[in-house]
Amino acid sequence: MPNFVTVATVDEVPPGELKQIKREDIRLVLANVEGQIYAFGWECNHTSGGPLYDGWLEGLEIECPWHGGRYDITTGEATSFPACDVIPVYEVQVEDGEIKVGIP
Ligand code: FES
């Protein structure tokens, strides 16, 4: 069972935006797609490890800014070359304006 940790407020992640969460124990990206918050790993798994928090959201996909690999942010699965493996995705809860992410 994951441990839910508050990482941001909803106000910090407007619709269509990304937010990097970088703390000692947690590194991930929050995305707001039409009011729904998603959380996924910040590092592209292509060999160069591109920063997905600087990528582009298109629907429910994130595109890596370095070589254009894409991932489904709901499953973490790669959807476009050169991304070729899954990235982690995390459960999200929103309570009283706070975003909580389930850390395994
Ligand atoms: S580092 Fe992300 S596609 Fe190459």
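The protein carries 6 positive and 18 negative side chains, the centres of the two sets being 7 Å apart; Lys and Arg count as positive and Asp and Glu as negative, with His and the chain ends not counted, and each charge is placed at NZ of Lys, CZ of Arg, CG of Asp or CD of Glu. The model is predicted: local features need pLDDT of at least 70 and side-chain atom pairs pLDDT 80 or more, whereas totals for chains, interfaces and linings use all residues. Residues are numbered from 1 along each chain as its sequence is written, and side-chain values use heavy atoms, without hydrogens and water.

The protein contains 11 strands and 0 helices (DSSP runs numbered from the N terminus; strands E, at least two residues; helices H or I, at least four). Its radius of gyration is 13 Å, close to the 13 Å that the globule rule gives for 104 residues, so the protein is as compact as a globular protein of that length (C-alpha atoms; the rule is 2.2 Å times the number of residues to the power 0.38). The C-alpha trace spans about 40 × 25 × 20 Å along its principal axes. Of the 104 residues, 37% count as buried (under 20% relative accessible area; exposed is over 50%, partly exposed in between; 1.4 Å probe, protein chains only).

Y53 lies in the loop between β4 (36-41) and β5 (56-58) and, at 23% relative accessibility, counts as partly exposed. Beyond its neighbours within four places in sequence, Y53 is in contact with L18, Q20, V29 and W42 (heavy atoms within 4.5 Å). E17 is 36 residues from Y53 in sequence, with a C-alpha to C-alpha distance of 9.6 Å.
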